[in-house]
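Thanks for coming, everyone. Have the coordinates open while I talk, and stop me if something looks off.

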Amino acid sequence: MGLLAWLGLKQGGSFPNLDALLKELRAALPDDEAVVLRYIATVIVLLGKVACVDGRFSDKEDELLRELLTHVDGLAPSGVDAVFNALQGKLPALQEGEVDRCYRELKALCNASERVEVVRLLIRLAAADGAPTPAERAEIESIAEELGVSLTDIEPDLSVQAGAPAPPDDRGEPGGGISA
């Protein structure tokens with residue numbers, strides 16, 4: 001029993017879908033710190049929310065998400081598959097409390113400019129299969145609001161037409177990415 005559970009502050013099973021994703025990440029990245037795994041899981045969940053909001057997980061979104069996962073240091077191809085499968089299996093069942101926890105985690109783990117980069121990554125995924133749909137755009141705007149990201153910071157990225165390269169991030173690299 002962990003200290004938080006012992007104190008009655010953590011109730012087991014409160015976040016079964018996030019816990020399943022974190023379990024896959026722990027298995028795939030056993031040497032990484034818990035805070036890194038939570039960050040990766042949170043970003044993956046938000047990417048999945050945007051990819052699925054229009055009712056489909058397109059092949060191009062699938063391809064881009066897998067590509068982004070390959071950039072996570074130490075995540076082997078089998079780990080990419082395991083995390084991706086866990087995400088697809090658990091995403092439709094995510095509870096509102098689990099998504100709220102993702103927002104809280106990102107606000108706690110990231111500063112304002114890092115949260116902007118996460119939202120830009122969501123935009124990049126939404127544009128993977130063409131211009132973001134109205135549903136994807138609304139989801140991104142909602143996530144941005146929850147994360148405290150100003151829509152004026154991301155509006156140029158949301159206006160990018162399908163097929164155009166993503167605007168450079170703060171480091172001059174196209175579209176940002178998941179970094180651990």
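Start with Glu139. Is Glu139 buried or exposed? Glu139 is buried, because its relative accessible area is 14% and the cut-off for buried is under 20%. Keep in mind that this is a predicted model. Glu139 sits in helix α8. What does Glu139 touch, once neighbours within four places in sequence are set aside? The partners are Lys49, Val50 and Val53.

Now step back to the whole chain. The protein chain has nine helices and zero strands. Read from the N terminus, the order of elements is α-α-α-α-α-α-α-α-α. The chain has 180 residues, and buried residues make up 41% of them. Next, the contacts with a separation of 6 or more. Residues 24 or more positions apart account for 71% of those.

On to the core. In soluble globular proteins, nonpolar side chains tend to be buried together. Here, the largest nonpolar core holds 51 residues. Which members touch the most other members? Those are Leu29, Leu47, Leu106, Val119, Ile140, Leu147 and Ile154. Several elements give two or more residues to this core: α2 (16–28), α3 (34–52), α4 (59–70), α5 (77–90), α6 (96–109), α7 (112–126), α8 (134–147) and α9 (151–158). Which element gives the most? That is α3, with eleven residues.

Let's look at how some helices pack. Two packed helices are described by the angle between their axes and the distance between the axes.

Pair one is α2 and α3. Their axes come within 10 Å and cross at roughly 125 degrees. That angle makes α2 oblique to α3, because it lies between the 115 that ends roughly perpendicular and the 145 above which roughly antiparallel begins. The crossing of α2 and α3 is right-handed. From α2, the contact uses Leu18, Leu21, Leu22, Leu25 and Arg26. From α3, it uses Leu37, Arg38, Ile40, Ala41, Ile44 and Val45. By class, this contact of α2 with α3 has nine nonpolar, no polar and two charged residues.

Leu21 lies in helix α2. Buried or exposed? Leu21 counts as buried, since its relative accessibility is 3%. Leave out residues up to four places away in sequence, and Leu21 touches Ala41, Ile44, Val45, Val83, Ala86 and Leu87. Leu21 and Asn85 are 64 residues apart in sequence, yet 9.2 Å apart in space, C-alpha to C-alpha.

Pair two is α6 and α8. The axes of α6 and α8 come within 9 Å, and the crossing angle is roughly 55 degrees. So α6 is oblique to α8. Why oblique? Tyr103, Leu106 and Lys107 of α6 make the contact with Ile143, Glu146 and Leu147 of α8. Those residues divide into four nonpolar, no polar and two charged.

The axes of α8 and α9 come within 11 Å and cross at roughly 155 degrees. Therefore α8 and α9 are roughly antiparallel to each other, because the cut-off for that class is over 145. α8 passes α9 in a right-handed crossing. Arg137, Ile140, Glu141 and Ala144 in α8 meet Leu151, Ile154, Glu155 and Leu158 in α9. By class, that is five nonpolar, no polar and three charged residues.

Lys60 is in helix α4. Buried or exposed? Lys60 is exposed, because its relative accessible area is 52% and exposed means over 50%. Not counting residues up to four places away in sequence, Lys60 touches Ala128 and Asp129. Lys60 and Ala126 are 66 residues apart in sequence and 9.7 Å apart in space, C-alpha to C-alpha.

To recap the accessibility calls: Glu139 is buried, Leu21 is buried, and Lys60 is exposed. Questions, please.

Definitions and conventions:
Residues are numbered from 1 along each chain as its sequence is written. This is a predicted model: local features need pLDDT of at least 70, side-chain atom pairs count only at pLDDT 80 or more; totals for chains, interfaces and linings use all residues. Side-chain values use heavy atoms; hydrogens and water are left out. A nonpolar core is a set of buried Ala, Val, Leu, Ile, Met, Phe, Trp, Tyr and Cys residues joined through side-chain atoms within 4.5 Å. Buried means under 20% relative accessible area, exposed over 50%, partly exposed in between (1.4 Å probe, protein chains only). Helices (H or I, at least four residues) and strands (E, at least two) are DSSP runs, numbered from the N terminus. Axes are lines fitted to C-alpha atoms, for helices over the stretch in contact, and angles run from 0 to 180 degrees between N-to-C directions. Angles under 35 degrees count as roughly parallel, over 145 as roughly antiparallel, 65 to 115 as roughly perpendicular and the rest as oblique. Contact means heavy atoms within 4.5 Å. Ala, Val, Leu, Ile, Met, Phe, Trp, Tyr, Cys and Pro count as nonpolar, Asp, Glu, Lys and Arg as charged, and the others, Gly among them, as polar. A crossing is left-handed if the near helix is turned anticlockwise from the far one by less than a right angle, and right-handed if clockwise.
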